[in-house]
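Subject: Structure handover

Hello,

Here is the structure I promised to pass on. Please open it alongside this note, and then read on for what turned up.

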Amino acid sequence: MLKALSGIATHVHAVNVPIFRNDQDIGRLARQVDHWMDEHGDTRAYIIDGHGFYTCVNTVMDALRH
């Protein structure tokens with residue numbers, strides 16, 4: 001799974017993947033995610049509980065790979 005994320009070429013790597021509680025208030029959820037991303041600029045992915053795995057990419061090709 002790690003090597004699917006852009007910029008990672010080896011299994012000897014650690015990645016923090018935060019998990020956010022799902023929230024019907026999308027604005028509030030977006031603010032939580034934005035705050036985390038601002039504080040942890042190296043975040044490559046996050047999970048929304050009960051909803052899915054989201055990745056942060058720069059290109060359409062990276063999005064398709066993920």
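One cut-off first: a residue counts as buried under 20% relative accessible area, as exposed over 50%, and as partly exposed in between. Please also keep in mind that this is a predicted model.

Now to the rings. Trp36 has a relative accessible area of 26%, so it is partly exposed. Its partner is Phe20, and the two form an edge-to-face aromatic pair. Their centres are 6.5 Å apart, with 85° between the planes. This pair links distant parts of the chain. Phe20 sits in strand β1 (residues 19-20), while Trp36 belongs to helix α1 (residues 26-39). The two residues are 16 residues apart. Phe20 has a relative accessible area of 10%, so it is buried.

Another pair joins Tyr46 and Tyr54. This one is stacked, at 5.4 Å centre to centre and 15° between the planes. Is Tyr46 buried or exposed? Tyr46 has a relative accessible area of 15%, so it is buried. Tyr54 comes to 27% and therefore counts as partly exposed.

How many aromatic pairs are there? The count is three. Ring pairs tie Phe20, Trp36, Tyr46 and Tyr54 into a cluster.

Next, the strands. β1 runs parallel to strand β2 (residues 45-48), and two bridges join them. Phe20 stands opposite Ile48 in β2.

Together β2 and β3 make a hairpin, with three residues between them. Look for Gly50 in the turn: Gly50 has a positive phi of about 75°.

Last, the surface. Which residues make the nonpolar patch? They are Val60, Met61 and Leu64, and the patch covers about 370 Å². Leu64 lies in helix α2 (residues 60-65). Leu64 has a relative accessible area of 64%, so this residue is exposed.

If you want a place to begin, look at Phe20. Phe20 pairs with Trp36, and Phe20 also stands opposite Ile48.

Best wishes

Conventions:
Residues are numbered from 1 along each chain as its sequence is written. This is a predicted model: local features need pLDDT of at least 70, side-chain atom pairs count only at pLDDT 80 or more; totals for chains, interfaces and linings use all residues. Side-chain values use heavy atoms; hydrogens and water are left out. Rings of Phe, Tyr and Trp (its six-membered ring) pair if their centres lie within 6.5 Å; planes under 30 degrees apart count as stacked, over 60 as edge-to-face and the rest as tilted. Helices (H or I, at least four residues) and strands (E, at least two) are DSSP runs, numbered from the N terminus. Buried means under 20% relative accessible area, exposed over 50%, partly exposed in between (1.4 Å probe, protein chains only). Two strands pair if DSSP finds at least two bridges between them. Patches are made of residues with over 30% relative accessible area and no salt bridge: like charges are joined within 9 Å, nonpolar side chains (Val, Leu, Ile, Met, Phe, Trp, Tyr) within 5 Å. Accessible areas come from the Shrake-Rupley method with a 1.4 Å probe; for residues, only the protein chains shown count as cover. A salt bridge is a side-chain nitrogen of Lys or Arg within 4 Å of a carboxyl oxygen of Asp or Glu.
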